[in-house]
Amino acid sequence: MSFQLPPLPYDYQVLEPFVDKETMNLHHTKHHQTYVNNLNGATKDSDIVAICQNIKNYPVAVRNNGGGHYNHSLFWKWMAPVGSSNVAPTGTLKEKIEATFGSVDEMKKKFTDAALTRFGSGWAWLGVQKDGSLAISSTANQDNPLMAGVADVEMIPILGLDVWEHAYYLKYQNRRAEYIQQWWNVVNWDEVVKYYDNFASKNNPVPINQ
Amino acid sequence: MFANIARVLAQSSKKCLPLVRSKHSLPDLPYDFNALEPVISAEIMQVHHQKHHATYVNNLNVAEEKLFEAKQRGSVSDQIALTSALKFNGGGHINHSIFWTILCKDGTSEPEGELAEAIKRDFGSYQRMVDLLVATSTGIQGSGWGWLGYNKQLNRLDIVACANQDPLQATTGLHPLFGIDVWEHAYYLQYKNARPDYVKSIFKIANWRKVEELFGKARHD
């Protein structure tokens, strides 16, 4: 049973003007599709979460493409058109964020900083650590915080931002700071809250294709 | 008398360069932004040079200023904390400064002289060297550079990949001869995700005369 490219939960243009239609199209149909194709060529295993958690047992092609497939599968769900989700986290996650960072704004500042200071390609993350505490980190390339022994901060990611140049270059060119700032407008906080409530707070990684 | 002393002091201080810390500056491109079309678009050249390379230069200057201050304060810890910023931005400045010079409008004829002999000896043929450099550069995960470099100790050419802006010589000891920037910013506006097309095309605008010069310097200096 091979990996499949998940369909986008919305049309390519719905995140405009924050994330442009052409980027969404290329990002999904080319970049993510390539990760899926290469992943299928690199392993017969089918549990992507287990693969990430045991990534040291796999060759680098699986790390790059397995990470790419997992990360992007969630990335599409972490975004939603303006107006279709709460504009801020709610419930227990909101309390947890405030307790950890002081406020949602402070959390966003730290997250933004992680995204800005990741040199080269990578991702910024908000996640839940083994002890239940929230943390923010970044990883290089297609690594993610599930990858034990690889990620600096091991945690269950509940929100991630792609800062590879392909994620923003057509619209923002070198202006990564502007891309990050605009991206906050399309974060699907309801989905993030769901991932926290249903998975991460119970020490379970978020499955894809759910 | 005092005017004479002042003039002598002024003249001698010009010879004491450390009194004024020099800053790095963005080198001019040796050609117009559109010179490398159709292989690399004018739009890419402009953003790549005026934004990306300029930012490395600016940030390098900031990092070096902080390094100087940290040294003056006697803080080894603060100096060490600047290592990443120096590598990222210093590497970016070094790499791009070389990059602009090894490309030229319409490219040149294939390598000649000593360089051609070395390529034949170490790779079998020019085409095999190109194939290896294409494969190496295309295969880089994330951001980085593919390099043809010279190992002076072994008197041998080599092809390696460097991650991010890691500078070839400081990282591997190899003298940089011909490098291919495979950060997405180097090609995305024109080639989108088709990195292999960009990498293969770049040989149409390779300035082998410059590369021969770099090789000569590395061999004989």
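Biologist: Which is A:Asn64, buried or exposed?

Modeller: This is a predicted model, in which local features need pLDDT of at least 70 and side-chain atom pairs count only at pLDDT 80 or more, whereas totals for chains, interfaces and linings use all residues. Residues are numbered from 1 along each chain as its sequence is written, chains are lettered from A and ligands numbered from 1 in the order in which they are written, and side-chain values use heavy atoms, with hydrogens and water left out. Buried means under 20% relative accessible area, exposed over 50% and partly exposed in between, with a 1.4 Å probe and protein chains only. Because the relative accessible area of A:Asn64 is 13%, this residue is buried.

Biologist: Which residue of chain B is in contact with A:Asn64, leaving aside neighbours within four places in sequence?

Modeller: A:Asn64 is found in helix α3 of chain A, helices (H or I, at least four residues) and strands (E, at least two) being DSSP runs numbered from the N terminus. Contact means heavy atoms within 4.5 Å. With neighbours within four places set aside, A:Asn64 is in contact with A:Tyr35 and A:Gln142 and, from chain B, with B:Gln141.

Biologist: In the hairpin of β1(B) and β2(B), which residue takes a positive phi?

Modeller: Strands pair if DSSP finds at least two bridges between them, and eight bridges join β1 (residues 144–151) to β2 (residues 156–163) of chain B in an antiparallel arrangement. Within this pairing, the bridge partner of B:Leu148 in β2(B) is B:Ile159. Four residues lie between the strands of the hairpin, and the positive phi, near 50°, is taken by B:Asn155.

Biologist: How far apart are the closest N and O atoms in the salt bridge of B:Lys87 with B:Asp166?

Modeller: A salt bridge is a side-chain nitrogen of Lys or Arg within 4 Å of a carboxyl oxygen of Asp or Glu, and the rule finds one across the interface of domain 1 and domain 2 of chain B. For B:Lys87 and B:Asp166, which form a salt bridge, the separation of the closest N and O atoms is 3.5 Å.
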